[in-house]
Amino acid sequence: MGCSSSLPANNAGAVGNINNENSATDSKNLRVKLVLLGDSGVGKSCIVLRFVRGQFDPTSKVTVGASFLSQTLALEDSTTVKFEIWDTAGQERYAALAPLYYRGAGAAIVVYDITSPELFNKAQYWVKELQKHGSPDMIMALVGNKADLHDNRCVSSQDAKEYADRNSMFFIETSAKTADNINQLFEEIAKRLPRPAPS
Amino acid sequence: MDPNPSPHPTDSQPEPPEKRLAALSLRSAHLPPDFAPAEIQEDDDDEGYLTAASRGGSSSCAAAAWKDEVDGLDDDKDVDVGPPSPSSSGYAGERGSSLASSAGVDDPQPQPDDWARDKKHLDEDDASASWRKRKKHFFILSNSGKPIYSRYGDEHKLAGFSATLQAIISFVENSGDHIKFVRAGKHQIVFLVKGPIYLVCISCTQESYEGLRGQLELMYGQMLLILTKSINKCFEKNPKFDMASLLGGTDAVFLSLIHAFSWNPATFLHAYTCIPLAQSTRKAASAVLQDVADSGVLFALLMCEHKVISLVGAQKETLHPDDIFLLSNFILSSESFRTSESFSPICIPRYNPMAFLYAYVHFFDENTYLTLLTSSANAFYDLKDSRSRIQNVLLKANVLDEVQKSLRESALRIEDLPADPSSRSVSPPPQFSEDVNSQLLSSEMAIGGPAGLWHFIYKSIYLDQYVSSEFPLVISNPKQQKRLYKAYKKMYASMHDKTIGPHKTQFRRDEDYVLFCWITQDFELYAAFNPLADKMQAIKICNRVCQWIRDLENEIFVYGESTLSW
């Protein structure tokens with residue numbers, strides 16, 4: 001599989017506003033707005049930076065508001081999917097602003113930290129919020145990050161998987177640090193995207 | 001303007017030595033690569049500070065050098081052995097999150113940012129000797145006594161202390177009065193009440209009440225920039241509201257702000273500074289920003305570190321210099337802005353304290369960034385387009401390269417001060433600067449000698465902008481620079497003292513400097529000379545500085561569209 005990097009600098013072609021972006025364009029070249037939600041410190045930015053730039057920075061940089069990045073993924077069936085990613089801030093004060101970023105999103109990734117039951121509960125809050133206010137056909141992924149810290153695991157894969165199934169989400173555990181399952185996560189989302197009917 | 005200040009300004013007595021407090025800052029740009037750790041041992045109100053804000057322009061080797069220094073200078077290491085900070089457990093948990101994993105990941109090499117955060121000394125509280133010894137504390141608390149922010153120590157552990165501060169404030173308020181400050185020995189406790197929010201500074205740094213109060217005002221402004229004044233409503237609904245968590249993850253912002261109090265003249269002059277640029281270069285940047293501002297952006301700012309390249313407001317809206325400072329402090333101290341473009345709610349306190357605007361922020365390079373402010377929550381893609389348009393123009397006009405060049409070759413060097421045309425006795429200058437073609441002061445005159453001017457700050461009152469000269473060799477280390485700023489701050493406070501002033505000129509001599517201040521309707525000039533400088537000579541030099549600034553004004557100041565033709 002190939003990842004062609006498209007840094008934010010060269011995608012000025014995107015038009016419209018923050019809310020009307022949905023999966024679009026022709027059947028071979030999809031575009032999707034994707035939002036990451038989850039409490040502060042679970043590793044949302046690390047997941048995105050690992051996916052978009054192949055980097056991992058162990059110093060946590062608190063996200064302010066939301067960062068925008070994009071990345072195009074080429075699938076085996078020769079379709080390409082351009083992800084327009086909103087990496088939101090997990091801080092409490094930004095919670096009320098989340099709709100600004102997830103409205104109109106075609107996909108959402110809800111992230112928790114496998115070493116923290118509290119953050120898993122917080123993830124469930126985001127899932128409920130998306131079910132209530134997100135678009136109904138949104139593809140949702142539940143992601144247990146920091147899988148490399150399995151010695152400190154507090155949330156079992158089994159529990160998380162069951163919760164994800166009940167809420168028709170797909171579930172995956174990732175490690176932004178080791179890059180484990182990061183590309184798989186985005187590939188899986190890409191595969192599940194509705195394909196526009198060939199005209 | 002009056003070309004000659006009064007030839008008989010009041011002399012003042014030298015300061016007692018104990019007033020000259022130890023000063024230290026770790027401002028990177030001025031740290032020579034071979035800066036010896038031994039030079040900074042004294043405790044200071046500014047210890048171990050480092051964030052993104054001070055990082056620009058430093059070489060990585062200098063960054064490594066600081067780290068050693070700071071590790072070395074931390075003489076109260078024993079109190080540092082507390083629980084590991086969240087960031088020392090690898091990448092687990094940000095500070096400010098409700099939970100920090102204590103997982104022992106194989107630790108990567110600690111980054112400078114790590115210990116910037118650590119310097120909050122979370123293991124301390126009001127019972128710790130080390131906490132009590134700190135020279136300058138800042139607190140934010142609610143009117144019910146709940147801690148919101150503390151510069152040192154864990155807010156939660158300071159609940160008792162906060163309650164005491166609240167009790168003092170409410171005791172005075174109950175008698176229908178307002179508490180301004182308390183003096184206790186060497187310490188001064190300054191209070192600022194802003195509705196349900198109380199701000200307190202406890203300091204033994206000998207700064208003036210007005211100066212410290214101004215710093216608390218800026219802290220309040222920084223808090224509003226993050227949360228808006230509508231936070232007051234939460235207290236109306238629930239007086240016991242716990243606000244601390246709403247500021248989660250902003251420690252670096254406040255740390256950087258507090259640090260700026262000791263090195264950034266914008267914090268006491270209430271003016272901003274510009275990066276010197278050729279008029280045509282700045283015009284190119286301003287023209288494209290104006291273009292964008294006409295199409296739905298409220299404010300467009302192009303800045304390099306804390307210096308303005310160009311700024312434009314829609315329909316002649318203006319940004320207050322304090323807001324520019326707070327905004328740039330927020331952006332420069334929040335690392336995530338550098339990672340990618342972002343779109344965030346930000347309140348501009350002097351523009352509208354009640355509401356959020358949305359800020360599109362993009363870094364063109366390590367230290368040059370564009371901020372577009374809009375009131376529309378849906379404007380992201382429009383602003384992204386505007387940014388790429390701006391970027392094209394900046395690249396075409398070579399603005400970004402010129403900015404980097406200007407940053408490296410700071411324009412105002414004392415040695416470049418044109419000589420007085422009437423005195424021809426000056427020895428030939430060692431070299432000519434390209435933008436000044438008259439005779440130059442010899443370096444002997446500039447750093448020693450009777451008229452030895454060392455440094456100056458010139459503030460244009462009309463433009464709300466200031467320029468300062470490059471530091472000379474004698475004030476090359478951060479400690480000396482911070483001491484000079486402290487002297488300027490003191491001068492500023494006494495010049496603007498409403499009870500005994502305002503003054504027009506002041507000439508002050510102590511064992512460190514001769515300080516001369518001159519205020520007219522148009523400008524304020526603060527100049528530092530060699531302590532042996534002669535008064536009449538100093539005044540003459542100041543006249544020449546003013547003339548020099550007037551000659552350079554098109555390059556060192558930003559003029560609004562309407563005044564560009566001046």
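Colleague: How much accessible surface does chain B have, and what share of it belongs to carbon and sulfur atoms?

Modeller: In this predicted model, the accessible surface of chain B comes to about 22,900 Å². Carbon and sulfur atoms account for 52% of that area.

Colleague: What share of the residues of chain B count as buried?

Modeller: Chain B has 566 residues, and 59% of them count as buried. The chain holds 16 helices and 17 strands. Of its contacts between residues at least 6 apart in sequence, 64% join residues at least 24 apart.

Colleague: Why is A:Asp39 called buried?

Modeller: Its relative accessibility is 11%. Buried means under 20%, so A:Asp39 counts as buried.

Colleague: And what makes A:Lys122 partly exposed?

Modeller: A:Lys122 has a relative accessible area of 28%.

Colleague: Why is the pair A:Asp39 and A:Lys122 called a salt bridge?

Modeller: The closest N and O atoms of A:Asp39 and A:Lys122 are 3.5 Å apart. The cut-off is within 4 Å, between a side-chain nitrogen of Lys or Arg and a carboxyl oxygen of Asp or Glu. The pair therefore counts as a salt bridge. Side chains of opposite charge can pair when their charged atoms come close.

Colleague: Where do A:Lys161 and A:Asp165 lie?

Modeller: Both are in helix α4 (residues 157-166) of chain A, four residues apart, which is about one turn of the helix.

Colleague: Are A:Lys161 and A:Asp165 buried or exposed, or in between?

Modeller: A:Lys161 has 38% relative accessibility and A:Asp165 has 46%. Exposed means over 50% and buried under 20%, so A:Lys161 is partly exposed, and so is A:Asp165.

Colleague: How do you know that A:Glu84 and A:Lys82 count as buried?

Modeller: A:Glu84 has 1% relative accessibility, and A:Lys82 has 17%. The limit is under 20%, so A:Glu84 counts as buried and A:Lys82 does too. The side chains of these residues meet in a salt bridge of 3.8 Å, N to O. Together with A:Arg31, they are linked in a network of salt bridges. Over all chains, the structure holds 24 salt bridges.

Colleague: Which residues have the most contacts inside the largest nonpolar core?

Modeller: A:Leu142, B:Met223 and B:Met243 do, in a core of 141 residues. Helix α5 (residues 209-227) of chain B gives the largest share, eleven residues. A second, separate core has 33 residues, including A:Leu49 and A:Val143. In soluble globular proteins, nonpolar side chains tend to be buried together.

Colleague: What does B:Met243 touch?

Modeller: Leaving out residues up to four places away in sequence, B:Met243 touches B:Ile148, B:Ile197, B:Met223, B:Leu227, B:Ile231 and B:Phe235.

Colleague: Which residues are buried in helix α13 (residues 399-408) of chain B, and why are they placed on the same side of α13(B)?

Modeller: B:Val399, B:Leu400, B:Val403 and B:Ser406 are buried. They cover an arc of only 120° around the axis, so they are on the same side of α13(B). Their cover includes α9 (279-293) and α12 (380-396) of chain B.

Methods. Residues numbered from 1 in each chain as written. Chains lettered and ligands numbered in written order. Predicted model: local features only at pLDDT ≥ 70, side-chain atom pairs only at ≥ 80, totals over all residues. Heavy atoms only, no water. Buried < 20%, exposed > 50% of the residue type's maximum accessible area, 1.4 Å probe, protein only. Helix = DSSP H or I, 4+ residues; strand = E, 2+ residues; numbered from the N terminus. Arc of directions from axis to C-beta. Contact = heavy atoms within 4.5 Å. Core = buried A, V, L, I, M, F, W, Y, C linked by side-chain atoms within 4.5 Å. Areas by Shrake-Rupley, 256 points an atom, 1.4 Å probe, with all protein chains shown as cover.
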